Amino acid sequence: MRGLMATHDLDRATIDRLLDRADHFAHRGYGQLLAGSVVGLLFYSDSLRTRVGFEVAAARLGARTFVVLGARHTPVMAAAESALDAVRSIAGWCDAICLRHPDATVPRAVAGLVDIPIINCGNGEDEHPTQALIDIYAMRCLRGSIDGVRVAIVGDLVGMRAAHSLVGLLSRYRDVFIRCIAPPGLAMPPQYLADLDVRDVEESTDLKIDDVDFVYVAGLPRHTQADVSDEDRARLSITRDVLRQARPSMRVLCPLPRIDEIAADVDPTPAAAYFEQSRLGLWMRMAILVEWVSRGPQPPVSAN
Ligand code: CP
């Protein structure tokens, strides 16, 4: 497969190679492995960490980057330029594109049109595979292994794409337990659980976290179609009180940003691992770039 579209495209050997490479970069250093490469960062919807994170990862590996934010739409244009046309033009000049787009179909459609790797940095409400790779890298760093891990994923599990991708990656490992905790009406869509080899998946609307290694706070964004009641927000927020029911070794992860899903006074507690998770993201983004950018041009794949 050319590029990184979705976690179900990744087998365990590839995931483990990425985790090992990230570890290598973190502990044994790295060189200018991508010197001479040019990576395009095309973000058609908001991003801080993913966009800047890939920019920094590319810089550390010696690659140059350029950033495009949103579609061009001037008064003389009747409509915004299509992402497909824009990415297709730009793909002729660079070695890889990191792409975020609000339309879930766009990254795969683009990948079918160009002969460079496309790295999906978030496609609508569908997937966010680079974030999920960072998430399991953080789990492995903090716990030692992914096999046997027990995770509670909390939030809007319909709309939070990183949660979909995380389930996809966890399903590649043995004896994994996942509890999907969501407000009523926002449970994990079955297609993200259906074909997965997860031994034990539990669905809940209650914040039960006493028997897990990680609580993954996927997020409850405000002012979306799926906005939840203040009662549900409060009931599903991670507070110091909630942490009292957790194992001492339990760690809270979050792809960030957060609004009030994790109380600020949780930050100084030993359970708070989300800024460490964010820091570790550098090494995984570097591993992702080396995996896909250094492969060079390959033939187009079908858009189907
Ligand atoms: N975690 C994440 O995707 O953050 P950004 O939206 O800031 O890129």
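In these legends, a helix is a DSSP run of H or I with at least four residues, a strand is a DSSP run of E with at least two, and both are numbered from the N terminus. The model shown in every view is predicted.

**Figure 1. Residues around the ligand.** The shell around the ligand consists of Ser 47, Leu 48, Arg 49, Thr 50, Arg 100, His 128, Gln 131, Pro 255 and Leu 256. By class, this shell contains three nonpolar, four polar and two charged residues.

**Figure 2. Polar atoms at the ligand.** The side chain of Thr 50 places a polar atom 2.7 Å from an oxygen atom of the ligand. At Leu 48, a polar backbone atom lies 2.8 Å from an oxygen atom of the ligand. The backbone of Leu 256 also takes part, with an N or O atom 2.9 Å from a nitrogen atom of the ligand. On its own, the ligand has 260 Å² of accessible area, and the protein covers 90% of this area.

**Figure 3. The largest pocket, which holds the ligand.** The ligand takes up space that belongs to the largest pocket. The volume of this pocket is about 910 Å³. Its lining comprises 34 residues, and those closest to the centre are Asp 46, Arg 100, Met 160, Arg 161 and Pro 257. One of these, Arg 100, is also among the residues around the ligand. Helices α2 (49-60) and α6 (161-170) and strand β8 (214-219) each contribute at least two residues to the lining. The lining divides into 16 nonpolar, ten polar and eight charged residues.

**Figure 4. The largest cavity.** The structure contains two cavities of 30 Å³ or more. The volume of the largest cavity is about 60 Å³. It is lined by Arg 49, Gln 131, Ile 134, Cys 254, Pro 255, Leu 256, Tyr 274, Gln 277, Ser 278 and Arg 285. Two or more lining residues come from each of the helices α5 (129-143) and α9 (274-293). Helix α9 supplies four residues, the largest share of the lining. In terms of class, five of the lining residues are nonpolar, three are polar and two are charged.

Figure 5. The lining of the second largest cavity has four nonpolar residues, three polar residues and one charged residue.

Figure 6. Pro 257 belongs to the loop that runs between β9 (251-253) and α9.

**Figure 7. The backbone at Asp 175.** Although Asp 175 is not a glycine, its phi is positive, at about 55°. Asp 175 is found in the loop between α6 and β6 (177-181).

Note on methods:
Residues numbered from 1 in each chain as written. Predicted model: local features only at pLDDT ≥ 70, side-chain atom pairs only at ≥ 80, totals over all residues. Heavy atoms only, no water. Near = heavy atom within 4 Å. Polar contact = N/O pair within 3.5 Å; in protein donor to acceptor, adjacent residues only side chain to side chain. Areas by Shrake-Rupley, 256 points an atom, 1.4 Å probe, with all protein chains shown as cover. 1 Å grid on protein atoms, 1.4 Å probe; cavity = no way out; pocket = protein on both sides within 12 Å on 5 of 7 lines; lining within 4 Å. Sits in = over half its atoms within 2 Å of the grid points. Nonpolar A, V, L, I, M, F, W, Y, C, P; charged D, E, K, R; others polar. Points joined across faces, edges and corners; volume = space filled by probe spheres on them.
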